[in-house]
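Here is a short briefing on charged pairs and a pocket. Please keep the sequence and the 3D view open as you read.

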Amino acid sequence: MRVVILSGGESSERDVSLASGWSVARALLERGHEVTLVDPAAAVPVLAGPLRPGDTVAGVAVGKEPPSRAERHRLRSRLHAALTGGPVLELLRGADLVFLALHGGWGEDGHVQAVLEMAGVPFTGADSATCAAAWHKGRTQAVLGAAGLRVAERALWRPAVSDVPPDVERLATAGPVVAKPVADGSSVSVHRVDSLSQLGQIAAELRSEEVELMVEPFLPGREFTVAVVGDQVLPVIEIELTTPVFDYTAKYQPGAAVEVCPARIPDALASRLQESALRAHRALGFGSGTYSRTDFRCDADGEPMCLEVNALPGLTATSLVPLAATGAGWTYSDLIQRIVDLATR
């Protein structure tokens, strides 16, 4: 099968996406596919290919910091041009399948999926509508709450538009809160906030970027994540943190977090988390041909709250979905082939 992998892109998760792309390329070559690796936001989009089984594939490391705002703006201009016509779009149209490793930004908010849908190109993962619903954390939690899943109280705020609104002030004065962009990935710019003055400082830093924040109570309990691939729920992972929140650094730099799979928890709790992840997957419109990863954190009473559902979770060698796949007895290439099979069956 001729597979084009899209990775890189213009989001804060660009480095993660590039690392995923190279890892996926190795797995697909191992499974006998012809592979072309493309970064549609790069000045020279084709990173490698066409590659055939037996070819050597390099890899990349995830940087300590995401790209700057200015760099992301430049990358987005290139991405827009690549997806509106020209050789990249023709390359995608000629593929048997597009494997999406474009974490964050247009790769995860439904933009790229909509382009591929209009071009009639099959691709891995969820469709544009589902991605759009999952990308906005506020809308996600509203859908999950309506579906009967436990979610934390939340308030949305645009610092560039208004001062601290009453609902945000109420949460921030009641105790520690977490403030994070309502539409971003890899836990970029996630902050634990212990006072209104600290919240004001964070808002001032983000005001010029016109970011919408979601503010919710800080949950002091254990943190878990559960992946769903097709109709199969994978083992629960516990994330043991050495930092207050599971931010970008904790996710991708060695030693910042310990990820245990399967989680050392009672069977009853594991079953609850897995059932909740499958319900969240379905409530947001993920079908049996897709995959997702749902994040949970427990409150002071040990009750798990659903934080968000990731439509295009990381696929690097150290990412959480591959770790869960290992816990299920799959190799990395097993996981990637299953994702391909789900998209093409």
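There are 19 salt bridges, where a salt bridge is a side-chain nitrogen of Lys or Arg within 4 Å of a carboxyl oxygen of Asp or Glu. Side chains of opposite charge can pair when their charged atoms come close. This is a predicted model: local features need pLDDT of at least 70, side-chain atom pairs count only at pLDDT 80 or more, and totals for chains, interfaces and linings use all residues. Residues are numbered from 1 along each chain as its sequence is written, and side-chain values use heavy atoms, with hydrogens and water left out.

**Salt bridges**

- R2 pairs with D96, and their closest N and O atoms are 3.2 Å apart.
- That pair links distant parts of the chain, 94 residues apart: R2 sits in strand 1 (residues 2-6), and D96 sits in the loop between helix 3 (87-93) and strand 4 (97-100).
- Helices (H or I, at least four residues) and strands (E, at least two) are DSSP runs, numbered from the N terminus.
- R192 forms a salt bridge with D194, with the closest N and O atoms 3.0 Å apart.
- D231 forms a salt bridge with R282, with the closest N and O atoms 3.9 Å apart.
- The D231 and R282 pair also links distant parts of the chain, 51 residues apart. D231 is in the loop between strand 9 (223-229) and strand 10 (232-233), while R282 is in helix 11 (residues 267-283).

**Exposure of the partners**

- Buried means under 20% relative accessible area, exposed over 50%, and partly exposed in between (1.4 Å probe, protein chains only).
- R2 is partly exposed at 41%, and D96 is partly exposed at 34%.
- R192 is partly exposed at 30%, and D194 is partly exposed at 46%.
- D231 is exposed, at 51%.

**The largest pocket**

- On a 1 Å grid over the protein atoms alone, a pocket is an open set of points where a 1.4 Å probe fits, with protein on both sides within 12 Å along at least five of seven lines; lining residues have an atom within 4 Å of a point.
- The lining of the largest pocket has 27 residues, and R69, R72, A183, D184 and V211 lie nearest the centre.
- Helix 2 (69-83) and helix 4 (105-108) each supply at least two lining residues.
- Helix 2 gives the largest share of the lining, four residues.
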